Every structure is written in C-alpha cells, then in structure tokens.
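I opened this notebook to keep track of what I looked up, entry by entry, for a reader who is new to the structure.

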2 protein chains.
Amino acid sequence: MPRVVVDVMLKPEILDPQGQAVAAALPRLGFDGIVRVRQGKRFELTVDGEVTDDRIAEVRRAAETLLANPVIEDFTVRVEP
Amino acid sequence: MPRVVVDVMLKPEILDPQGQAVAAALPRLGFDGIVRVRQGKRFELTVDGEVTDDRIAEVRRAAETLLANPVIEDFTVRVEP
C-alpha cells in the first residue's frame, strides 16, 4: 500500500535541546566531523487506496492538526515510492 | 554547509505505541483515509567540510552508536542536497 512520509522539524529559530545534547555527545564518542544536529520526528502513514491529491491534502491537514505544532514546527509531506 | 539526514524507525516487528496512538486519534479528528502510522526520529546533521565517503561512514557509525538502537531500530543515512 502507498506510503506518505511526514517530516516534522522544529523551526530554525526554535531552540532544540535534544539536538544540542546529541551534538555535544558526538565528540565525546570520537565523532568529530559533525558540527550541528537538529532532531525531529518522522511519520510514515499508510493510506487507504490510491494517493490522490485529495489524500495528500488530507494528510497535510492531519499534519497541521495532530502531527506537528505549526507554532514551533515546520513539516513536509511527500509520497514514498 | 552540507547536510546529512538520518532517519530512525522502529523495526517492523517492534510494536509502536506512539504510532498506534496517532492512528487511533486520526479518525476521531475526521481523517479517515489513513490506516496505519509508524512514528520515528529524523536527525539533520550538519557536517564540517565536504561530504566524503569517509564522512558518511562516520555518520553511519554515529547512528549505530548514538542515534539509533540497532536492536529495535533501523536507520537510513542520506545526503540532502
């Protein structure tokens, strides 16, 4: 069945303590080449039937309502092959 | 600066209560076309300098060590343009 992926990330201007904690831990573990980390959420949605434009619009409304907090988060919706 | 994305998802055989909670909430909010939801994590890593094969290998080791729990999670590493 077709799958739609919604990626939710904090807006760039919002502080991301989880990402900062990961970024601080990496050098301690010997990984030196990574300068910045942002952590977000990924949702894989399995939709019923074909992925039509209407269905994508529904997923977008669901993302705005439930999956993301549009005040502090940005999200992207895409169909995965 | 170049960005590497690490997507971390629970393995398919592992129960995902967060995803189930989202899937159960969607119909209550009027979204009926989504039959299954899996929730995972997305990390955006900014790397220092060029994204070489060595750098990707380092990110992969970091993902195995810190970003994902390979016992219950799968991850993918990809370079974002």
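Entry 1. I began with Glu44(B), which at 11% relative accessibility counts as buried, where buried means under 20% relative accessible area, exposed means over 50% and partly exposed lies in between, using a 1.4 Å probe and protein chains only. I noted for the record that this is a predicted model, in which local features need pLDDT of at least 70 and side-chain atom pairs count only at pLDDT 80 or more, while totals for chains, interfaces and linings use all residues. Residues are numbered from 1 along each chain as its sequence is written, chains are lettered from A and ligands numbered from 1 in the order in which they are written, and side-chain values use heavy atoms, with hydrogens and water left out.

Entry 2. Which residue forms a salt bridge with Glu44(B)? I found Arg3(B), with the closest N and O atoms 3.1 Å apart; a salt bridge here is a side-chain nitrogen of Lys or Arg within 4 Å of a carboxyl oxygen of Asp or Glu. Glu44(B) lies in strand S2 of chain B and Arg3(B) in strand S1 of chain B, so the pair ties together parts that are 41 residues apart in sequence. Arg3(B), at 30% relative accessibility, counts as partly exposed.

Entry 3. I then turned to the strands, which are DSSP runs of E with at least two residues, numbered from the N terminus. Strand S2 of chain B, residues 34-47, is mostly covered, with 11 of its 14 residues buried. Strand S1 of chain B, residues 3-10, pairs with S2(B) in the antiparallel sense over six bridges, two strands being paired if DSSP finds at least two bridges between them. Within this pairing I saw Val8(B) standing opposite Lys41(B).

Entry 4. I looked next at strand S2 of chain A, also residues 34-47, and found that it pairs with S2(B) in the antiparallel sense over 13 bridges. Here the bridge partner of Glu44(A) in S2(B) is Arg38(B).

Entry 5. Arg42(A) forms a salt bridge with Asp7(B), the closest N and O atoms being 3.0 Å apart. This pair crosses between chains, from strand S2 of chain A to strand S1 of chain B, and both Arg42(A) and Asp7(B) are buried.

Entry 6. Arg78(A) forms a salt bridge with Glu80(A), at 3.8 Å between the closest N and O atoms, and Arg78(A) is partly exposed, with a relative accessible area of 28%.

Entry 7. A search of the whole structure gave me 20 salt bridges over all chains, and I noted a network of salt bridges whose members include Arg3(B), Glu44(B), Arg42(A), Asp7(B), Arg78(A) and Glu80(A).

Key:
Helix = DSSP H or I, 4+ residues; strand = E, 2+ residues; numbered from the N terminus.
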